[in-house]
Amino acid sequence: MKTVYDYSVKDRKGKAVSLKEYANEVLLIVNTATKCGFTPQYEELEQLYKKYHSQGFEVLDFPCNQFGQQAPGTDEAIHEFCKLTYGTEFPRFKKIKVNGDDADPLYKFLKQQKGFAGWDESHPLTPVLDDLLSKADPNYKNSADIKWNFTKFLINKKGMVVARFEPTEKIEHIAAQIEELLK
């Protein structure tokens, strides 16, 4: 059975990194953007990282410019922005594509494992996203494609995808599931 450990990705400098380096850790894999309404989630991700990192937790950040061109700039510029603006310390990788034929193989795998999880109806951006995505594809909810920036995949210590969280998901809900996996 395939796991995330079967994949390699490129760090922000272009060096190959095997995800086997993260074996036996709980991972939160996130596609991010620096100019998005969800960009302040970097702060929440850093809080999760600080709280659980010493217990075997990692946030893996994959900038992606596929949604409204909201991750402009070089990999280094994105990294500097995140460090200076949000104080992030977790690993950041090379900008990738998460949808389409040229999507990163890791993201093709993640989407095969967990499809669209649905929006949190109480989130203020839910109607905006639903309207935007429905206009482009009335059946968008039936596809496993990533819908927007800050979609998160939770990976257990065996490298298996256990949950997908859309960007409208409350961080407390994600934290509770991380805690369960760290036990």
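You are looking at a predicted model, where local features need pLDDT of at least 70, side-chain atom pairs count only at pLDDT 80 or more, and totals for chains, interfaces and linings use all residues. Residues are numbered from 1 along each chain as its sequence is written, and side-chain values use heavy atoms, leaving out hydrogens and water.

**Stop 1: helix α2.** Show residues 75-86. This is helix α2, and E80 sits in it. Helices (H or I, at least four residues) and strands (E, at least two) are DSSP runs, numbered from the N terminus. E80 and I146 lie 66 residues apart in sequence and 25 Å apart in space, C-alpha to C-alpha.

**Stop 2: strand β3.** Select residues 26-32. Is this strand enclosed or open? Seven of its seven residues are buried, so β3 is largely enclosed by the rest of the structure. Check both faces. V26, L28, V30 and T32 are buried on one side, and L27, I29 and N31 on the other.

**Stop 3: the partners of β3.** Two strands pair if DSSP finds at least two bridges between them. Seven bridges join β3 to β4, and the two run parallel. Find T32: its bridge partner in β4 is P63.

**Stop 4: the crossover.** Show helix α1, residues 41-52. With β3 and β4, α1 makes a right-handed β-α-β unit. Right-handed means that, with the strands pointing away from you, the path from the first strand over the helix to the second runs clockwise.

**Stop 5: the core.** A nonpolar core is a set of buried Ala, Val, Leu, Ile, Met, Phe, Trp, Tyr and Cys residues joined through side-chain atoms within 4.5 Å. The largest has 57 residues, and V4, I29 and L110 have the most contacts inside it. Select L110. Beyond its neighbours within four places in sequence, L110 is in contact (heavy atoms within 4.5 Å) with V4, I29, F153, I155 and V161.

**Stop 6: the cysteines.** How many disulfides are there? With sulfur atoms required to be within 2.5 Å, the count is zero. Select C36. Its closest cysteine sulfur, in C64, is 11 Å away, too far for a bond. C36 is buried, at 9% relative accessible area.

Notes. Buried means under 20% relative accessible area, exposed over 50%, partly exposed in between (1.4 Å probe, protein chains only).
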